[in-house]
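Trainee: I would like to go through the salt bridges in this model. Can we take them pair by pair?

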Amino acid sequence: MSKMNMEAKAMNQTETYQLIIQTARRLFMEQGYRAVSTRQIAKICGVTQPALYHHFKNKQTLYVAVMQQTLHQTEIDLNALLSQFTTFQERLTQIALYMMAHFEMDMSQMFHDISHELHPNDQQQLYQSWIKAFLTPVENMINDGVSKEEIKNPARMNSTNTQLAYMILNFIKSFLEPENTARLTVEERQTNAEEKAKLMVEIFIYGMRA
């Protein structure tokens, strides 16, 4: 096989790998782990099951790969937002907007699948990736906010940065509405995300006092 043919084959393999990942991610988030089969994924991708198993040993291996890629991209994106914006309010707004724009799927379903369908070793691996992707950037945002005296030190409220970071993430999660967002156009989703992010930050920072 010539070098050109080998490169073309490698490129096709990479494209197939990414197509499987993207298709599986959409199906897993829409239907849940148990309801999706590798046969269904392969059919939508236009490949055979043996071709899918060439890349992934089984459905669980594929699911872990999907989650790892999603979490890695989230880690990159959230850290980029922290670099681009400087104030606590700007950063909180942008993180909320990012999550509402990118995680309109049912995150409760995702956490349920990880907890109930995966091997404990895979669960621990994904949990560590989740910490790096979501928790650490929010903790860093809080640390900077405290050091710049933009927000109170959580210790003054008998809390910790980690506890406050979990609270912020859960607060944002409570604003996600996958069943409603799915009906919207791309433009409507963006507008909806911006409105909810602004409202969330207003409530979180200023409360509901008159």
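Trainee: Is E117 buried or exposed?
Mentor: Buried means under 20% relative accessible area, exposed over 50%, and partly exposed in between (1.4 Å probe, protein chains only). The relative accessibility of E117 is 16%, so E117 counts as buried.

Trainee: Which residue forms a salt bridge with E117?
Mentor: A salt bridge is a side-chain nitrogen of Lys or Arg within 4 Å of a carboxyl oxygen of Asp or Glu. For E117 the closest N and O atoms are 3.0 Å apart, and the partner is R34.

Trainee: How many residues apart in sequence are the parts that this pair ties together?
Mentor: Helices are DSSP runs of H or I with at least four residues, strands are runs of E with at least two, and both are numbered from the N terminus. E117 lies in helix α6 (residues 107-117), while R34 is in the loop between α1 and α2 (38-45), so the separation is 83 residues.

Trainee: What should I know about the source of these values?
Mentor: This is a predicted model, where local features need pLDDT of at least 70 and side-chain atom pairs pLDDT 80 or more, while totals for chains, interfaces and linings use all residues. Residues are numbered from 1 along each chain as its sequence is written, and side-chain values use heavy atoms, leaving out hydrogens and water.

Trainee: Which residue forms a salt bridge with D144?
Mentor: The closest N and O atoms of this pair are 2.8 Å apart.
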